[in-house]
Amino acid sequence: MVVTVKWNLVTGATGLLGSHVAEQLLARGEGVRALVRPGSDTSFLRSLGAELVEGDLSHPASLPAAVAGADVVYHSAGRVSDWGPWRSFHESIVTATANLLDACRAGGVGRVLHVSSLIVYGHPPREGPPLTEESPLGQHLWVWDYYCRAKIEAEGQVRRYPGDWTIVRPSWTYGPRDRNTMPRVLTALRKGRGRVVGTGDNRLNIVHAADVADGALRAADHPGAVGQAYNLSSEGAISQRELIDALTDLLALPRLRKHVPYKLAFLGGLLAEAWGRALRQRRPPTLTRYAVALIGRSTRYSIAKARQELGWAPKMPPLDGLRRALEMAGEVAVQ
């Protein structure tokens with residue numbers, strides 16, 4: 001009897017979500033090929049036994065060999081940032097997605113699983129019903145809202161793809177191998193720059209990378225998910241106050257007592273961004289509007305579609321997930 005092994009290509013496999021997607025695919029016995037840029041840290045992928053193919057989404061000629069024979073392409077690569085020129089966001093998100101889709105079309109890939117973000121909804125009012133996959137995209141966009149605009153354009157590229165595709169939209173994702181969002185929060189706390197934004201009672205949509213990866217795999221496998229998008233988020237499992245208290249306790253730091261009004265913090269972020277852009281700073285300001293909104297506002301997202309159609313829901317309790325992530329990163333002692 002001939003056993004056929006399903007083969008998958010994962011872009012962004014050296015990053016947070018992509019590494020968890022690769023890990024789960026290999027754990028269930030499927031083949032994984034990872035598209036990696038020259039010089040990137042591939043030690044974790046090598047430990048898993050993933051096949052590595054050097055290439056770059058900005059270089060179309062490097063992509064045919066990567067997608068060849070792939071049953072599913074998990075596209076999780078892309079610039080995750082709230083700082084930089086529009087050109088950088090367009091090239092690393094929109095153009096990169098277009099290049100990959102061209103290669104997938106030419107290579108006859110079975111399905112493209114595109115990792116988008118809940119940021120595509122823009123900045124809807126804090127009050128109102130939970131946002132569903134049918135809610136309008138790009139609500140109340142800000143000036144310099146480049147990440148949001150690029151992710152919306154990338155989704156447009158995927159929707160025009162003639163083959164099978166599925167989109168997942170994760171919320172704030174954390175976990176082992178996070179090099180973006182959570183490290184910024186930890187740095188602010190260690191340097192004494194942290195403040196509770198508003199009352200701290202707002203609920204956060206934070207979700208563990210392993211849960212998002214599980215949702216992505218379920219979506220890529222489901223026949224009925226072709227041509228569909230799914231929100232992958234928690235439903236306010238933890239408040240801002242609870243998150244900050246958990247982090248300061250794990251880091252053996254004093255709990256934060258100082259508060260700053262949301263509108264004042266947001267204005268501070270806008271002014272810091274304007275000053276940084278005027279000076280053409282390459283590194284993001286200490287405070288940005290995106291960071292303020294991420295930690296300081298409540299926005300509700302519905303995961304009813306993913307729950308009903310994919311059987312998906314977050315499993316990792318935030319407090320357990322935060323502790324394990326910090327332990328694996330060597331930030332705190334293993335208990």
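Me: Buried means under 20% relative accessible area. In this predicted model, why is Glu-155 called buried?
Reply: Glu-155 has 1% relative accessibility. The cut-off is under 20%, so Glu-155 counts as buried.

Me: What makes Arg-159 partly exposed?
Reply: Its value is 41%.

Me: Where do Glu-155 and Arg-159 sit in relation to each other?
Reply: Both are in helix α5 (residues 146-159), 4 residues apart, which means about one helical turn between them.

Me: What does the salt bridge of Glu-242 and Arg-203 tie together?
Reply: The two side chains meet at 3.8 Å, N to O. Glu-242 lies in helix α8 and Arg-203 in strand β9, so the bridge joins parts 39 residues apart in sequence.

Me: Why is Leu-264 called exposed?
Reply: Leu-264 has a relative accessible area of 53%. With Leu-267 and Leu-271, Leu-264 makes a nonpolar surface patch of about 300 Å².

Me: How do you know where the buried residues of α9 lie around the axis?
Reply: They are Tyr-262, Ala-265, Gly-269, Glu-273 and Gly-276. Their arc is only 75°, which puts them on the same side of α9. They pack against β8, β13 and α10.

Key
Residues are numbered from 1 along each chain as its sequence is written. This is a predicted model: local features need pLDDT of at least 70, side-chain atom pairs count only at pLDDT 80 or more; totals for chains, interfaces and linings use all residues. Side-chain values use heavy atoms; hydrogens and water are left out. Buried means under 20% relative accessible area, exposed over 50%, partly exposed in between (1.4 Å probe, protein chains only). Helices (H or I, at least four residues) and strands (E, at least two) are DSSP runs, numbered from the N terminus. The arc is that of the directions from the helix axis to the C-beta atoms. Contact means heavy atoms within 4.5 Å. Patches are made of residues with over 30% relative accessible area and no salt bridge: like charges are joined within 9 Å, nonpolar side chains (Val, Leu, Ile, Met, Phe, Trp, Tyr) within 5 Å. Accessible areas come from the Shrake-Rupley method with a 1.4 Å probe; for residues, only the protein chains shown count as cover. A salt bridge is a side-chain nitrogen of Lys or Arg within 4 Å of a carboxyl oxygen of Asp or Glu.
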